Amino acid sequence: MNSRILFLVAAGLALTGCAVETRESVDPAPPSPASAIEPSPSDPFQAVDEAFARMALDQVPVEPGETGPRSIWPRLVERFAIAECPADSRAEDWANWYADNHEYLGRVFNRARPWLHEIANEVERRDLPGELALLPVVESAFDPFAYSHARAAGPWQFLSGTARDHGIVINDWYDGRRDFVAATDAALDYLEYLNGLFDGDWALAIAAYNAGQGRVMRAVRRNLARGRGTAWDELSLPRETRGYVPKLKGLGCLFRDPAAYGYRLPELLDQPRVATLDLPGSIDLVELALLAELDLAELITLNAGLNKHRTPPSGPHHLTVPLEAAERARAALAVLPDDAAIGWQEIEVRPGDSLSVLARRHDTSIDALRKANGLNGDRLIAGQTLRLPGSVDLDSEALSDDYLTAYRELAALQQQLLPADRFIHRVRSGESLWVIARRYGLSVRELQQMNGMGSKDLIKPGQRLVIETGRQPPPAAQPARHVVQRGDSLWNISRRHRVGLDDLMRWNDLDADSVLQPGQQLIIRAGSDA
């Protein structure tokens with residue numbers, strides 16, 4: 001079997017840069033065309049791809065005698081500064097692979113179409129290499145709902161810790177990693193920072209984006225200490241990273257000289273396709289969609305960062321809509337009904353209830369409960385009525401049939417598209433808290449805290465337990481401390497606590513050259529992105 005065939009076999013197994021958990025309709029790389037399976041019409045991810053396809057139609061009014069907008073590719077290609085594909089290199093293999101899978105790239109650029117004009121604007125404004133606009137192809141196949149085994153999310157595949165470090169908001173209402181507007185800004189900020197950190201070497205910066213800046217910096221220092229070169233391909237880096245940089249370079253070579261690979265660039269005009277609207281505050285997406293005649297699947301596709309049917313009370317206060325619907329949406333925003341007309345769900349506080357128990361029971365947060373009810377403290381009184389944030393009373397007579405139908409459609413899409421952070425486990429006969437906690441990688445105490453249980457509380461068959469696997473630790477969880485023992489290193493401490501080495505250094509203001517002393521205390525945060 002020659003090297004070209006071996007590469008093609010490997011490519012089917014390793015296309016995405018961050019091991020994205022994909023679905024058949026968006027598969028970042030089918031191992032072969034024959035293995036692709038079309039999803040059923042009820043597949044929510046197919047609904048997203050169909051929404052992208054509807055928005056992919058370029059209909060640009062051109063007055064007689066005028067010239068329409070040009071293709072976006074020359075504008076990007078003239079800024080290329082990274083791509084190089086020597087003969088028989090892995091970059092050249094990737095260029096050929098992408099060229100051979102033109103249908104796949106066609107689907108990818110359908111998803112890119114709403115965003116690529118704005119990404120190109122940012123790349124140009126910041127004077128960055130044009131290849132960076134193609135990085136989401138490698139990271140996520142331009143899928144806003146991509147979610148990796150390592151819990152990286154969104155088109156630019158941010159881990160939550162890195163995302164927050166670069167200003168991305170993540171809470172119960174919203175995950176900015178899936179918001180193309182916010183995530184693109186943060187990703188380009190991060191790439192600019194990495195480029196400066198590695199003295200203008202874009203290949204090293206891209207490798208660090210994938211593997212982590214600490215890991216790449218340590219590899220550079222090791223090579224310097226041994227008198228070796230520090231080019232990205234001379235470093236000891238993870239296998240995934242060694243394949244990651246050539247993917248982007250191969251894409252760049254393909255788009256710079258498509259004829260050399262027998263490839264035809266996808267038609268994509270250099271024009272805005274979406275409009276981002278400023279909002280007066282938290283708004284009801286369902287009500288807006290009905291008033292402005294917006295397609296709900298398109299609305300969710302363009303605003304993938306939203307977790308609920310309302311936009312976040314604390315912001316960010318923006319919403320993206322198809323360009324041709326922008327005026328209708330602005331007009332609808334001006335006449336949206338107030339919250340009282342929506343019929344918010346209310347609950348009665350029971351004896352023993354606390355804000356933390358109610359937040360877990362109703363899939364919300366303590367802060368959101370406080371804000372929705374104007375509470376300054378944590379004290380509740382049995383019989384007190386509380387309004388649930390972001391919830392709708394589906395039995396309210398104030399809600400029209402159209403509203404209920406649209407609400408259920410939106411809720412079903414979000415429930416199936418977004419990664420589950422909280423779900424219910426039904427206790428089986430013979431199960432104990434220890435058995436259940438071990439199954440989900442939790443401690444017994446964490447499981448008890450998630451369910452408002454005391455240390456002596458018992459469980460019984462049929463009982464429902466909340467299991468939280470999401471972005472943040474349970475409310476009562478506090479950072480742990482590790483006391484350094486003789487022989488400890490940052491690496492073995494991070495392994496022991498199942499946290500990322502970069503996270504461990506960031507939490508404790510350390511770097512790879514820091515010397516640990518016996519007795520020194522290190523902070524270990526629960527629920528990290530190991």
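Predicted model: local features only at pLDDT ≥ 70, side-chain atom pairs only at ≥ 80, totals over all residues.
Trainee: How many helices and strands are in the protein chain?
Mentor: The protein chain has 21 helices and 10 strands.

Trainee: And what share of the residues is buried?
Mentor: Of the 530 residues in the protein chain, 52% are buried.

Trainee: How many of the contacts join residues at least 24 apart?
Mentor: Take contacts between residues at least 6 apart in sequence. Of those, 70% join residues at least 24 apart.

Trainee: Let's go inside. How many residues are in the largest nonpolar core?
Mentor: The largest nonpolar core has 117 residues. Those with the most contacts inside it include Leu105, Phe109, Trp156 and Tyr209.

Trainee: Which element gives the largest share of this core?
Mentor: Helix 5 does, with 10 residues.

Trainee: Which residues does Phe109 contact?
Mentor: Beyond its neighbours within four places in sequence, Phe109 is in contact with Trp73, Leu116, Leu134, Val137, Phe255, Pro266 and Leu268.

Trainee: What other core lies apart from the largest one?
Mentor: There is another core, of 12 residues. Among them are Val484, Met505, Trp507 and Ile524.

Trainee: New topic: Glu131. Where does Glu131 lie?
Mentor: Glu131 is in the loop between helix 5 (102-125) and helix 6 (135-140).

Trainee: Buried or exposed, that Glu131?
Mentor: Glu131 counts as buried, because its relative accessibility is 0%.

Trainee: What is Glu131 in contact with, then?
Mentor: Leaving out neighbours within four places in sequence, its contacts are Arg79, Phe80, Ala81, Ile82, Ala83, Leu248 and Gly252. Take Phe80: it is 51 residues from Glu131 along the chain, and their C-alpha atoms are separated by 5.6 Å.

Trainee: Which backbone nitrogen lies 2.6 Å from a polar atom of the Glu131 side chain?
Mentor: That of Ile82.

Trainee: What is phi of Phe142?
Mentor: Near 55°, a positive value in a residue other than glycine. Phe142 lies in the loop between helix 6 and strand 2 (147-148). Phe142 is buried, with a relative accessible area of 0%.

Trainee: And phi of Gln157?
Mentor: Positive, about 55°, although Gln157 is not a glycine. Gln157 sits in the loop between strand 2 and helix 7 (160-165). At 7% relative accessibility, Gln157 counts as buried.

Trainee: On to helix 9 and helix 10. At what angle do they pack?
Mentor: Helix 9 (residues 202-211) and helix 10 (residues 213-225) pack at about 130°, with their axes 7 Å apart. So helix 9 is oblique to helix 10.

Trainee: Which residues meet there, between helix 9 and helix 10?
Mentor: From helix 9, Leu204, Ala207, Ala208 and Ala211. From helix 10, they meet Gln213, Arg215, Val216 and Val220.

Trainee: What about Tyr190? Where is its place?
Mentor: Tyr190 is in helix 8. Tyr190 counts as buried, at 7% relative accessibility.

Trainee: Which residues does Tyr190 contact?
Mentor: Setting aside neighbours within four places in sequence, Tyr190 contacts Phe158, Thr162, His166, Ala208, Tyr209 and Gln213. The C-alpha atoms of Tyr190 and Ala205 are separated by 9.3 Å.

Trainee: And Asn195, where is that?
Mentor: Asn195 is in helix 8 (residues 180-197). Asn195 counts as buried, at 14% relative accessibility. Not counting residues up to four places away in sequence, Asn195 touches Gly200, Asp201, Trp202 and Ala205.

Trainee: Last one: where is Ala231 found?
Mentor: Ala231 is in the loop between helix 10 and helix 11 (239-256). Ala231 counts as partly exposed, because its relative accessibility is 29%. The C-alpha atoms of Ala231 and Leu204, 27 residues apart along the chain, are separated by 7.3 Å.

Definitions and conventions:
Residues numbered from 1 in each chain as written. Heavy atoms only, no water. Helix = DSSP H or I, 4+ residues; strand = E, 2+ residues; numbered from the N terminus. Buried < 20%, exposed > 50% of the residue type's maximum accessible area, 1.4 Å probe, protein only. Contact = heavy atoms within 4.5 Å. Polar contact = N/O pair within 3.5 Å; in protein donor to acceptor, adjacent residues only side chain to side chain. Core = buried A, V, L, I, M, F, W, Y, C linked by side-chain atoms within 4.5 Å. Axes fitted to C-alpha atoms, helices over the stretch in contact; angles between N-to-C directions. Parallel < 35°, antiparallel > 145°, perpendicular 65-115°, else oblique.
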